[in-house]
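Subject: Structure handover

Hello,

Here is the structure you will be working with. Please open it first, then read the notes below.

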Amino acid sequence: MDPIAYARALRARTDVHFNCCQSVVIPFCTRYGVSEAQAFATGRFFGAGMGCGAVCGAVSGGLMVLGLSGGTPADAAALRSHFIGEHGTLNCAELLSAAKARGVDRDFHCNGLVEEVAAYLAQALPAIESAAAR
């Protein structure tokens with residue numbers, strides 16, 4: 001299953017809650033020798049902006065994946081810059097407030113951010129992995 005569909009499937013599950021961070025990390029984790037259980041545990045406290053409305057969990061998950069991939073600080077900066085360019089902030093509380101003001105449901109909003117970050121990674125990782133292998 002492609003990572004975007006995988007992330008979407010995780011968010012749709014009703015038997016277990018996968019937060020935004022977990023939903024980004026898990027589709028990529030086995031690619032780097034990390035089990036789904038380890039990724040689930042690692043991302044546990046990064047949803048809802050680290051539980052306090054800070055950095056978006058999807059972005060935190062994306063940064064974790066970049067770290068696993070051998071990405072560089074420039075790769076991390078590129079993800080953050082892309083996200084800010086699209087949304088104006090990395091802050092979960094601000095993102096949710098803006099979505100609410102637009103009348104967008106929280107789950108719909110967060111699912112979209114998860115899918116966006118997963119898509120960004122799916123596109124960026126081949127070049128990052130190639131550079132890391134050199």
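A residue is called buried under 20% relative accessible area, exposed over 50%, and partly exposed in between (1.4 Å probe, protein chains only). By that scale, Glu 129 is partly exposed at 22%.

The model is predicted, so local features need pLDDT of at least 70, side-chain atom pairs count only at pLDDT 80 or more, and totals for chains, interfaces and linings use all residues. Residues are numbered from 1 along each chain as its sequence is written, and side-chain values use heavy atoms, with hydrogens and water left out.

**Salt bridges**

How many salt bridges does a search of the whole structure find? It finds three. A salt bridge here is a side-chain nitrogen of Lys or Arg within 4 Å of a carboxyl oxygen of Asp or Glu.

- Arg 31 pairs with Glu 129 at 2.8 Å, N to O. Arg 31 sits in the loop between helix 2 and helix 3 (36-42), and Glu 129 in helix 8, so this bridge ties together parts 98 residues apart in sequence. Arg 31 is partly exposed, at 41%.
- Arg 8 pairs with Glu 115, with the closest N and O atoms 3.1 Å apart. Arg 8 is in helix 1 and Glu 115 in helix 8, 107 residues apart. Arg 8 is partly exposed, at 43%.
- Asp 15 pairs with Arg 13 at 2.8 Å, N to O. Asp 15 is exposed, at 57%. Arg 13 is partly exposed, at 37%.

The helices are DSSP runs (H or I, at least four residues; strands are E, at least two), numbered from the N terminus.

**A buried arginine**

Now look at Arg 11, in helix 1 (residues 3-12). Arg 11 is buried but has no salt bridge. The nearest side chain of opposite charge is Asp 107, 4.6 Å away. For charge, Lys and Arg count as positive and Asp and Glu as negative; His and the chain ends are not counted.

What does the side chain of Arg 11 reach at 3.0 Å? The backbone oxygen of Phe 18. The side chain of Asn 111 also makes a polar contact with the side chain of Arg 11, at 2.7 Å. A polar contact is a pair of N or O atoms within 3.5 Å; within protein, one must be able to donate a hydrogen and the other to accept it, and residues adjacent in sequence count only if both atoms are side-chain atoms. Asn 111 is found in helix 8 and is partly exposed, at 22%.

**The core**

The largest nonpolar core has 36 residues. Such a core is a set of buried Ala, Val, Leu, Ile, Met, Phe, Trp, Tyr and Cys residues joined through side-chain atoms within 4.5 Å. Ala 58, Phe 83 and Leu 121 have the most contacts inside this core. Helix 8 gives the most to the core, with 10 residues.

**Cysteines**

A disulfide is a pair of cysteine sulfur atoms within 2.5 Å. The count comes to zero. For Cys 29, the nearest cysteine sulfur is that of Cys 21, 11 Å away. Cys 29 is buried, at 0%.

**Two backbone angles**

Most residues other than glycine have a negative phi. Ala 48 is not a glycine, yet its phi is positive, about 55°. Met 50 also has a positive phi, near 65°. Ala 48 is in helix 4 (residues 47-53), and Met 50 lies in helix 4 too.

Best wishes
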